Amino acid sequence: MASNWSIEFTDVDELIRKVQQIPNRSEKVINDTLKIKGSPLAMQKIQEGIPVSTWKGRVLNKKHARNYKSLNVKHGNLEFTIRPKRQFEYIKYPDLGIGTSKGNPPKEFMHGGLEKARPPIIKDLTNAVENEINRTIGG
C-alpha cells in the first residue's frame, strides 16, 4: 500500500509563478525541500492518524504502528512515496477496509495525513523557491 501525494494546481498558483522565474534550478530546490521538510512532515501527520487496535475498549498490549517509526519514504524526482515498513504492513487493512478490517469503512489515515500536510508543504516549497530567487538576484 502506498499513498500518493498530489496537489491541486489551484493551491499552487504562486508556486508555479515562482518556479517559472528559475526554471533551470527549480527542480533541485523542490526535490531538496520535499526530502528535507515535505516527506518528514507528511510522515508525521500520517503517523498521528494511525489507529490503535483495541479489544472491548482497551488498548492491546503490543507494539502499535502509531507509537513507532512505522513508515518508510522513497524519494523520486519531484515526488515521494510513503509506505509502511514490513513489520507494520497490517496498517493497510484499516486504511483500505480490507483483510481483517473487511466490512469496516476505510479509515483513510494515509490520505488524511497527507491532506493535513499539504498546505504547509506547499508553503515550504514556495518559500524555498522564493529564497532561491532572492539568492540569485542578490548574488
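The model is predicted, so I kept its limits in mind: local features need pLDDT of at least 70, side-chain atom pairs count only at pLDDT 80 or more, and totals for chains, interfaces and linings use all residues. Numbering runs from 1 along each chain as its sequence is written, and side-chain values use heavy atoms, without hydrogens and water.

I placed Lys18 in helix α1 (residues 13-21); helices are DSSP runs of H or I with at least four residues, strands are E runs of at least two, and both are numbered from the N terminus. Leaving out residues up to four places away in sequence, I found Lys18 touching Thr126, Val129, Glu130 and Ile133 (contact is heavy atoms within 4.5 Å).

Next I checked α4, residues 109-138. Its 30 residues should span 44 Å at 1.5 Å a residue, and the end C-alpha atoms agree at 43 Å apart (the expected span is 1.5 Å times one less than the number of residues). I also noted a bend of about 40 degrees at Arg118, with Pro119 following within four residues; the bend is the angle between axes fitted to the seven residues ending there and the seven starting there.

Then I looked up the largest nonpolar core. It has 26 residues, and Ala42, Ile46, Phe80, Ile82, Ile121 and Val129 touch the most other members (a core is buried Ala, Val, Leu, Ile, Met, Phe, Trp, Tyr and Cys joined through side-chain atoms within 4.5 Å). α2 (26-49), β5 and α4 each give two or more residues. α4 gives the most, with 10.

I turned to the strands. β4 and β5 pair antiparallel over six bridges; pairing needs at least two DSSP bridges. Gly76 has Glu79 in β5 as its bridge partner. The two strands form a hairpin with two residues between them, and Leu78 in the turn has a positive phi of about 60 degrees.

Last, I found one aromatic pair. Tyr68 and Phe88 are stacked, 6.2 Å centre to centre with 20 degrees between the planes (Phe, Tyr and six-membered Trp rings pair with centres within 6.5 Å; under 30 degrees is stacked, over 60 edge-to-face, the rest tilted). Tyr68 sits in the β3-β4 loop and Phe88 in the β5-α3 loop, so the pair ties together parts 20 residues apart in sequence. Tyr68 is partly exposed at 37% relative accessible area, whereas Phe88 is buried at 3%.

Conventions. Buried < 20%, exposed > 50% of the residue type's maximum accessible area, 1.4 Å probe, protein only.
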